[in-house]
Amino acid sequence: MNPFILPALFLGLGLGTTITVTSSHWLLAWMGLEMSTLAIIPLMAQHHHPRAIEATTKYFLTQATGAAMLLFASTTNAWLTGQWDLQQMSHPLPVTLITLALALKVGLAPLHSWLPEVMQGLDLTTGLILSTWQKLAPFTLLLQIQPTNPTLLIALGLASTLVGGWGGLNQTQLRKILAYSSIAHLGWMILVLQFSPSLTLLTLLAYLVMTFSTFLVFKLNASTNINALAVSWAKAPALTSLTPLILLSLGGLPPLTGFMPKWLILQELTKQDLALTATLAALTALLSLYFYLRLSYAMTLTMAPNNTAGTMPWRLPSLQTSLPLAISTTLTLALLPLTPAVTALLTP
């Protein structure tokens, strides 16, 4: 891609998200979401491969549908209440429609089926942007509206944790596994959104850090399926020994960072007399933990490469910078002791 076009697209991505995050008017928020979508489309289609073009088309149609629903719901709200302000959502019909539109845009179950297919058609760098940066704007809007139907959010959250765990069990493609991991984590955030927005924000930040680390590890190894992970020990033995810890942190095992949001969410759900919901969420987390353990097992313990193409990367040194990976890996593994300080910082 032209080096002058790439910064312009990244500027469009940043500007679109910034407009949505700082807006108080639904029309402006919609405009920011559309700018972000239009900016990432060329990045997704830059590799002129049929799979990438297919993924880009699916993403565009899905996001256009979500944006149309959001614009329709905000117009309906303005018609019913005379308000365009994000904080003045009082009628249950537009609130429900906007919640479902934003759920479609981020990929919450049962509106999730586009996400694994789109992720599979992208390179790891664009997949990283789609899994992290593109979640910020819709989640900002979800945090600002006041939900009138708590059952809807709990149903979306439990469905997402279940689908995210179940869908990843039978996958061998790393990008699809990360897509289902994203769906499961988004479900945890939605579960606690109406009770503690600051805890949702903390979970989102922890998810961003852990997913950033995981994508960078796979990018450093140039791995797109489980079999390709088996040669990573020859290229980066120190990183290979740390990667299972990163994956287990995504799974939410103590004493790693990923345990912090799950622990606090289960505690908050129990305080709200939702012990059954908390139990179901904790059980669905075991499904996700299984495929994280499977990746750890494939990367460090057994699988030898069984083809010539798999052995070639051993002799090709990586020229990628490792500083971002070092910083994010440290945060992914060691933030749990700072839980009181982090929660105090995010609690208003």
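**The nonpolar core and its setting**

Author: For 348 residues, a compact globule would have a radius of gyration near 20 Å, and the protein agrees with this because its own value is 20 Å. The radius is taken over C-alpha atoms, and the globule rule is 2.2 Å times the number of residues to the power 0.38. This is a predicted model, in which local features need pLDDT of at least 70 and side-chain atom pairs count only at pLDDT 80 or more, while totals for chains, interfaces and linings use all residues. Residues are numbered from 1 along each chain as its sequence is written, and side-chain values use heavy atoms, with hydrogens and water left out.

The protein has 17 helices and 0 strands; these are DSSP runs, with helices (H or I) of at least four residues and strands (E) of at least two, numbered from the N terminus. Of the 348 residues, 52% are buried (under 20% relative accessible area; exposed is over 50% and partly exposed in between, with a 1.4 Å probe and protein chains only).

In soluble globular proteins, nonpolar side chains tend to be buried together. Here the largest nonpolar core has 49 residues, a core being a set of buried Ala, Val, Leu, Ile, Met, Phe, Trp, Tyr and Cys residues joined through side-chain atoms within 4.5 Å. Those with the most contacts inside this core are I40, Y59, V118, L130, F218 and L295. Helix α10 (residues 197–221) gives the largest share, 7 residues. The core draws at least three residues from each of domain 1 (1–148) and domain 2 (159–306 + 321–347), bounds that come from an automatic or database domain assignment.

Leaving aside neighbours within four places in sequence, I40 is in contact (heavy atoms within 4.5 Å) with L13, Y59, I129, L130 and Q134. A second, separate core has 30 residues, including L70, A103, L193 and Y207.

The structure also holds 3 aromatic pairs. Rings of Phe, Tyr and Trp (its six-membered ring) pair if their centres lie within 6.5 Å; planes under 30 degrees apart count as stacked, over 60 as edge-to-face and the rest as tilted. F259 and W263 form a stacked pair, 5.6 Å centre to centre with 10° between the planes. These two residues are separated by about one helical turn because they lie 4 residues apart in helix α13 (residues 259–271). F259 counts as partly exposed at 24% relative accessibility, and W263 counts as partly exposed at 41%.
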